[in-house]
Amino acid sequence: MDRLPKYAAGRPPAPVEGLTSYKLSSNENPLGPLPAVAEAIARESAVNRYPDAVSTRLRTALARFLDVPADDIVTGGGSLGALNQILAAFAGQQDDGTPDEVVYAWRSFEAYPISVGLAGARSVQVPVLADGRHDLDAMAAAVTERTKVVLLCTPNNPTGPALRRAETERFIQSVPGSVLIVVDEAYQEFVRDPEAVDGIELYRKYPNVAVLRTFSKAHGLAGLRVGYSISHPEVTQYLRVAAVPFAVSSIAEAAAVASLEHFGDVVGRVQTLVDERERVTAALRELGWDVPDAQGNFVWLALGEATPEFSQQAAAQALSVRAFGTEGVRVSIGESEANSRFIELCRAFTKVPQSS
């Protein structure tokens with residue numbers, strides 16, 4: 001346990017006199033849930049009863065929404081909870097104590113090494129390319145006979161690019177069919193790259209592909225912790241054993257079902273954030289910043305040694321950002337005023353080499 005990294009949640013901003021504070025450190029949806037979803041939450045009052053252990057209403061709604069069998073869906077406490085169930089079922093240790101291996105890009109979602117370690121497996125981290133993309137050739141080369149799971153984060157958190165369809169299929173075809181490939185699509189609704197991969201299409205085509213999705217981001221339900229995996233019966237039969245009982249509360253299930261029923265309105269809200277993302281990235285590039293392709297609800301600045309100073313200057317402007325050591329900062333797309341203040345901070349910051 002002492003060897004595992006500790007998860008660092010995005011911190012709220014410190015108050016600064018004369019400025020409205022904005023939290024841009026946790027990739028949260030600043031718009032919150034839809035009014036109809038808030039009403040569904042208010043109506044769900046039976047908190048003295050355990051929820052449906054297998055989230056039947058939600059899985060039925062998702063099955064209609066995604067056109068997949070309900071039995072192929074396993075819910076969890078956010079997409080991370082669904083991932084932990086996958087790792088518990090498929091990655092651990094052999095009978096002789098040799099750890100299984102889980103391959104993933106790095107830097108990627110910071111919970112990956114924690115979850116892999118808690119499952120008893122060993123992380124095999126493959127550095128991302130200079131533009132923040134997965135190095136799929138290197139990841140394929142890292143697969144060994146001990147590899148049980150590969151994690152593909154698309155769009156990649158925190159760097160931003162999404163995997164493309166053709167490159168991902170080539171990767172899947174190069175990996176033994178006995179390896180479970182998990183496509184983590186927590187930010188799928190924000191993707192606008194026409195060549196981006198669609199995890200559901202991959203799941204339909206490849207029996208060793210599982211997909212993770214969540215209601216935390218686009219649907220604005222991060223605090224309710226509801227996510228799910230989609231995979232074939234030869235996978236789900238074990239995930240149901242590994243699933244945490246009652247992980248999705250009745251309130252979370254009601255909220256998620258209501259949000260699916262009003263998905264057109266969700267799309268409109270997401271587009272508002274995508275428009276803001278495009279405004280921010282265009283402004284930063286015009287200022288000379290080298291910003292990776294941003295397909296989630298965040299942008300990445302590879303600041304290197306200047307990372308702590310940038311984070312401090314953001315705090316002085318009542319903005320909290322997510323700093324990663326001396327690698328860079330991830331900045332969530334927030335309210336319009338927050339995004340504009342972030343742009344002005346980048347205009348004034350000169351401690352990092354910028355693109356020509």
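Q: Which elements each supply at least two residues of the lining of the largest pocket?
A: They are α3 (78–90) and β10 (319–324). Helices (H or I, at least four residues) and strands (E, at least two) are DSSP runs numbered from the N terminus. This is a predicted model, in which local features need pLDDT of at least 70, side-chain atom pairs count only at pLDDT 80 or more, and totals for chains, interfaces and linings use all residues. Residues are numbered from 1 along each chain as its sequence is written, and side-chain values use heavy atoms, with hydrogens and water left out.

Q: What makes a space a pocket or a cavity?
A: On a 1 Å grid over the protein atoms alone, a cavity is a set of points where a 1.4 Å probe fits but cannot get out, while a pocket is an open set with protein on both sides within 12 Å along at least five of seven lines; lining residues have an atom within 4 Å of a point. The largest pocket holds about 490 Å³ of space, and 27 residues line it, with Tyr7, Ser26, Phe109, Tyr187 and Lys217 nearest its centre. The largest cavity has a volume of about 40 Å³, and its lining includes Arg133, His134 and Glu167.

Q: Why is α1 called roughly antiparallel to α9?
A: Helix α1 (residues 35–43) and helix α9 (residues 250–261) pack at an angle of about 150 degrees, with axes 8 Å apart. Angles over 145 degrees count as roughly antiparallel (under 35 is roughly parallel, 65 to 115 roughly perpendicular, the rest oblique), so α1 is roughly antiparallel to α9.

Q: Which residues make the contact of α1 and α9?
A: Ala36, Val37, Ala40 and Ile41 of α1 meet Ile251, Ala254, Ala255, Ala258 and Ser259 of α9. Contact means heavy atoms within 4.5 Å.

Q: Why is α11 called oblique to α12?
A: The axes of helix α11 (residues 307–316) and helix α12 (residues 336–348) cross at roughly 135 degrees and come within 11 Å. That angle makes α11 oblique to α12.

Q: Which residues of α11 and α12 meet?
A: Phe310, Gln313 and Ala314 in α11 meet Phe342, Leu345 and Cys346 in α12. By class, this contact of α11 with α12 has five nonpolar, one polar and no charged residues. Ala, Val, Leu, Ile, Met, Phe, Trp, Tyr, Cys and Pro count as nonpolar, Asp, Glu, Lys and Arg as charged, and the others, Gly among them, as polar.

Methods: Axes fitted to C-alpha atoms, helices over the stretch in contact; angles between N-to-C directions. Points joined across faces, edges and corners; volume = space filled by probe spheres on them.
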